[in-house]
Amino acid sequence: MRILVVEDTQAKLKRIVAVLMETGIPRDHIEVAVCSYSARQFLRNNYYDLLLLDVLIPFRQEDDPDAQVCVDLLEDISEGGEYKRPGNIVGLTAYDEGIADAVDTFNEMLWNVIKVSEADNGWVERVKNCVNYLRSARKEDATRTSKAEVLVICALRSPELEAVKKLPWNWEAETPFDDVSFISKGVVSTAKGNVRVIAAAAPRMGMVASAVLASKLIADVVPDICAMPGISAGFSGRVELGDVVFADPVWDYQAGKRIVDGNGEPGFEMAPHQIQSSPELRALIEQLSEDKEILRSIRDAWQNPPRNDLRIRIGPVASGSAVVADRAFAKEVSHQQRAALGLEMELYGVSSACAMATSPRPKFVGLKAVCDFADADKNDGLQSYSAYTSAAVLDHLVRKYFDIC
């Protein structure tokens with residue numbers, strides 16, 4: 001187990017390192033950073049099972065400590081990219097004032113904050129318990145076996161799950177998973193062997209139903225990839241009908257606070273939490289997006305396809321709990337993220353289930369094809385085409401991924 005401690009107070013730093021060593025962690029498995037700049041260098045080059053992060057740190061060693069520096073670091077880690085996201089992050093603080101934003105950021109991302117106090121050694125036991133839990137979890141991970149390499153979660157049985165089950169994946173008859181959910185098992189033949197697949201549809205639309213289904217299946221199936229294909233609305237002018245959107249990142253456009261301003265006017269302060277897709281899968285989808293021959297073959301296999309060419313677009317997608325048939329509202333949501341390509345109802349829930357799963361966590365991929373522009377003009381025929389194209393792109397992505405693994 002490797003641990004990174006970010007702490008600028010030497011006395012507290014020595015105590016934290018001593019506590020970690022008391023749990024049996026070798027000293028050479030503990031890295032120390034005294035500022036955000038140094039921590040970023042470590043995180044660029046190394047994966048850590050645990051990051052112990054002081055809530056009040058300086059950006060550089062010569063700067064004054066600032067809680068906003070911690071917030072910025074957490075947000076950059078969450079967004080992925082150049083930093084290797086630690087397996088677990090725990091905040092440490094000896095202060096109550098001036099750190100509310102930083103503590104809120106930990107809470108929003110479901111990470112814990114431990115209050116460090118010289119008068120109370122309770123924090124020592126909490127740190128030890130955290131390390132011991134991670135150690136036992138790693139032992140359990142070693143014994144967990146995968147029941148399928150790919151888990152496919154669909155928001156609806158029709159047209160989305162139906163489109164997935166039309167893929168040439170050697171499907172078996174549907175069987176019950178528990179007393180409320182049914183699953184379909186399949187096998188994808190790739191150049192390197194067979195890949196096991198399990199697919200299921202949520203009982204109803206929306207983030208909650210899809211997130212619950214994804215969570216319980218991820219825990220049981222232990223997949224390498226958790227995918228959600230299907231249909232979505234797109235933002236007019238940014239995408240075309242029929243485009244398949246690879247969602248990266250996804251966010252809940254309803255997260256935030258309803259307020260009343262000084263003039264008595266209602267308003268909304270957004271507080272989006274973005275979840276990135278897997279960098280490996282993004283790199284593969286970028287390659288697929290440039291393969292005109294594959295995209296043309298997918299389009300031409302559909303009877304009476306739209307006139308425009310099939311495209312794969314990569315960009316942010318917003319999730320919310322309601323069906324949107326209001327272009328004005330959709331435009332308002334699109335302003336939350338200037339590069340946003342569409343909005344739908346489930347991706348944030350499924351991506352959250354992946355992000356918060358017990359290790360080993362699955363790589364998340366959201367593929368939603370645009371069937372309308374969030375207005376009243378909805379075409380059932382285009383919904384079927386979009387469900388088909390998103391499933392077909394998933395088929396190529398799965399084969400490409402496991403051919404190179």
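Visitor: Before we look at the sheet, what makes two strands pair?
Guide: Two strands pair if DSSP finds at least two bridges between them. Keep in mind that this is a predicted model.

Visitor: OK. How many bridges link strand 4 and strand 5?
Guide: There are 4 bridges, in the parallel sense. Strand 4 covers residues 88–93. One detail: Leu-92 has Ile-114 of strand 5 as its bridge partner.

Visitor: And what is the strand order in the whole sheet?
Guide: The order is 2-1-3-4-5. The sheet is open, has 5 strands and pairs in parallel.

Visitor: Which strands stand at the edges?
Guide: Strand 2 (30–33) and strand 5 (112–115). Each has a single partner strand, so one side of each lacks a neighbour in the sheet. On average, neighbouring strands are turned by 20 degrees against each other, direction ignored.

Visitor: What does helix 1 touch?
Guide: Helix 1 (residues 10–22) packs on the sheet. It touches strand 1 (3–6), strand 2, strand 3 (50–54) and strand 4. Its direction makes about 170 degrees with that of strand 2.

Visitor: Where does helix 2 lie?
Guide: Helix 2 (residues 36–45) lies across strand 1 and strand 2. It runs at about 145 degrees to strand 2.

Visitor: New topic. Which residues touch the most other members of the largest nonpolar core?
Guide: Val-152, Val-164, Trp-169, Ile-285, Val-365, Leu-367 and Leu-397. That core has 42 residues. Helix 12 (residues 380–404) gives the largest share, 11 residues.

Visitor: What is Leu-397 in contact with, beyond four places in sequence?
Guide: Leu-281, Leu-284, Ile-285, Leu-288, Val-365 and Leu-367.

Visitor: What other core lies apart from the largest one?
Guide: One of 33 residues, among them Met-207, Leu-213, Cys-226 and Ala-353.

Conventions: Residues are numbered from 1 along each chain as its sequence is written. This is a predicted model: local features need pLDDT of at least 70, side-chain atom pairs count only at pLDDT 80 or more; totals for chains, interfaces and linings use all residues. Side-chain values use heavy atoms; hydrogens and water are left out. Helices (H or I, at least four residues) and strands (E, at least two) are DSSP runs, numbered from the N terminus. Axes are lines fitted to C-alpha atoms, for helices over the stretch in contact, and angles run from 0 to 180 degrees between N-to-C directions. Contact means heavy atoms within 4.5 Å. A nonpolar core is a set of buried Ala, Val, Leu, Ile, Met, Phe, Trp, Tyr and Cys residues joined through side-chain atoms within 4.5 Å. Buried means under 20% relative accessible area, exposed over 50%, partly exposed in between (1.4 Å probe, protein chains only).
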